[in-house]
Amino acid sequence: MNDVNSVTLIGRLTKDADIRYLSSGTMVVNFNLAVNESVKNGKSWSERASFFDVTFYGRQGEGLQRYLTKGKQIAITGTLQQQRWQKDGVTKSKIVIIAKTIQLLGNARDGNMGSLVNAPPAEEDDLNDIP
């Protein structure tokens, strides 16, 4: 049986997306996504937010940057990746979502009509060039 690593989320950006370039020249767009869920506490309901780090590879991110702003609602699909690095002799790690598609949600008044952007596959060398 094959393993499965697949994530689909709809949420809002907590701040404007950040674009940078790896030493290989690959463009990387990083952003944080807040996803709310309703939770029942006794007889009442409340909202609970979870926050996720998201990375998107590829030049398509350059055109998306102006839309990936704080508060913007988007849908993403992707995979989970554990990133590890050394800091002061201590191994650190975190789980990041590597986005494969980003869909801008909203309507024409918001400046988009639900555009879908696909990321090209990331090169293994690019994945090693992070955090």
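This is a predicted model: local features need pLDDT of at least 70, side-chain atom pairs count only at pLDDT 80 or more; totals for chains, interfaces and linings use all residues.
Q: Which residues touch the most other members in the largest nonpolar core?
A: Phe31, Leu33, Leu68, Ile74, Ile76 and Ile102 do, in a core of 20 residues. A nonpolar core is a set of buried Ala, Val, Leu, Ile, Met, Phe, Trp, Tyr and Cys residues joined through side-chain atoms within 4.5 Å. Buried means under 20% relative accessible area, exposed over 50%, and partly exposed in between (1.4 Å probe, protein chains only).

Q: And which element gives the largest share of this core?
A: Strand β3 does, with five residues. Strands are DSSP runs (E, at least two residues), numbered from the N terminus.

Q: What is Ile76 in contact with, leaving aside neighbours within four places in sequence?
A: Its partners include Val7, Leu9, Phe31, Val54 and Ile102; contact means heavy atoms within 4.5 Å.

Q: On another topic, how many salt bridges does a search of the whole structure find?
A: The search finds two. A salt bridge is a side-chain nitrogen of Lys or Arg within 4 Å of a carboxyl oxygen of Asp or Glu.

Q: Where in the chain is the pair of Glu37 and Arg48?
A: Glu37 is in strand β3 and Arg48 in strand β4, 11 residues apart. Glu37 counts as partly exposed because its relative accessibility is 37%.

Q: What does Lys94 form a salt bridge with?
A: Its partner is Asp53, and the closest N and O atoms are 3.7 Å apart.

Q: How are residues numbered?
A: Numbering starts from 1 along each chain as its sequence is written. Local features need pLDDT of at least 70, and side-chain atom pairs count only at pLDDT 80 or more, while totals for chains, interfaces and linings use all residues; side-chain values use heavy atoms, leaving out hydrogens and water.

Note on methods:
Helices (H or I, at least four residues) and strands (E, at least two) are DSSP runs, numbered from the N terminus.
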